[in-house]
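Morning, everyone. I have one structure to walk through, and I will keep it short.

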Protein chains: 2
Amino acid sequence: MVRLQPRPNRLFGERVRAFRSRTGLTQEQLGRASGLHRTYIGGVERGERNVSLMNILKLASALRVDAADLVTGLPAP
Amino acid sequence: MVRLQPRPNRLFGERVRAFRSRTGLTQEQLGRASGLHRTYIGGVERGERNVSLMNILKLASALRVDAADLVTGLPAP
């Protein structure tokens, strides 16, 4: 079933993908670097996940950015 | 049972409390403004919650700050 995803999660996922592309990491490599599963990374990038603070921080660390870079300017749901 | 809470959640909770105090809102008022329950707000401020992106954005909006202000510089877990 395809569900409409909340816009902030979509925007967050696009940012993760953009930063990951910039680093040259694959989803699998980002998964290993962050301790998260590659299928979870895929879901995050597609905006299908409402990511928790702990996972935001793991992703930011693996992408070598500040968590602020991943969430700044995102609209409230 | 008292459990040790992960440090990033503690730091996040301290920031929420600091911004809330600055605005002069009670936990109950912040709850109403954000659409979250006051007991949840209390748990967040005590570092007992691993807050999701959607709730981070609701809190930031109700506190009239950017979500980046709530997460910048937090250490990876």
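I will start with conventions, then go through helices, single residues and the loops.

This is a predicted model: local features need pLDDT of at least 70, side-chain atom pairs count only at pLDDT 80 or more, and totals for chains, interfaces and linings use all residues. Residues are numbered from 1 along each chain as its sequence is written, chains are lettered from A and ligands numbered from 1 in the order in which they are written, and side-chain values use heavy atoms, with hydrogens and water left out.

Helices here are DSSP runs of H or I, at least four residues, numbered from the N terminus.

Let's begin between the chains. Two packed helices are described by the angle between their axes and the distance between the axes. Take helix H1 of chain A, residues 7-23, and H4(B): their axes come within 10 Å and cross at roughly 110 degrees. Axes are lines fitted to C-alpha atoms, over the stretch in contact, and angles run from 0 to 180 degrees between N-to-C directions. That makes H1(A) roughly perpendicular to H4(B), a label that covers 65 to 115 degrees. Which residues make the contact? From H1(A), A:Pro8, A:Asn9 and A:Phe12; from H4(B), B:Leu53, B:Met54 and B:Leu57. Contact means heavy atoms within 4.5 Å. The residues divide into five nonpolar, one polar and no charged. On this scheme Ala, Val, Leu, Ile, Met, Phe, Trp, Tyr, Cys and Pro are nonpolar, Asp, Glu, Lys and Arg charged, and the others, Gly among them, polar.

A:Pro77 touches some of those residues. A:Pro77 lies in the segment after helix H5 (67-71) of chain A. Leaving out residues up to four places away in sequence, A:Pro77 touches A:Pro8, B:Met54, B:Leu57 and B:Lys58. Its relative accessibility is 48%, so A:Pro77 counts as partly exposed. The cut-offs: buried is under 20% relative accessible area, exposed is over 50%, and partly exposed is in between, with a 1.4 Å probe and protein chains only.

Stay on H4 of chain B, residues 53-63, for B:Asn55. Buried or exposed? B:Asn55 is buried, at 15% relative accessibility. Its side chain makes a polar contact with the side chain of B:Tyr40, at 3.2 Å. A polar contact is a pair of N or O atoms within 3.5 Å; within protein, one must be able to donate a hydrogen and the other to accept it, and residues adjacent in sequence count only if both atoms are side-chain atoms.

Now H4 of chain A, residues 53-63. Nine of its eleven residues are buried, among them A:Leu53, A:Met54 and A:Asn55.

Next, H2 in chain B, residues 27-34. B:Leu30, B:Gly31 and B:Ser34 are buried. They cover an arc of only 105 degrees around the axis, so they sit on the same side of H2(B). The arc is that of the directions from the helix axis to the C-beta atoms. The buried residues pack against H1, H3 and H4 of chain B.

In chain A, A:Ser34 is in H2 and is buried, at 8%. A polar atom of its side chain lies 2.7 Å from the backbone oxygen of A:Leu30.

Last, the loops. Most residues other than glycine have a negative phi. A:Arg64 has a positive phi of about 60 degrees. A:Arg64 is in the loop between H4 and H5 of chain A, and is exposed at 78%. B:Arg64 also has a positive phi, near 60 degrees, and is exposed at 79%.

Notes:
Helices (H or I, at least four residues) and strands (E, at least two) are DSSP runs, numbered from the N terminus. Angles under 35 degrees count as roughly parallel, over 145 as roughly antiparallel, 65 to 115 as roughly perpendicular and the rest as oblique.
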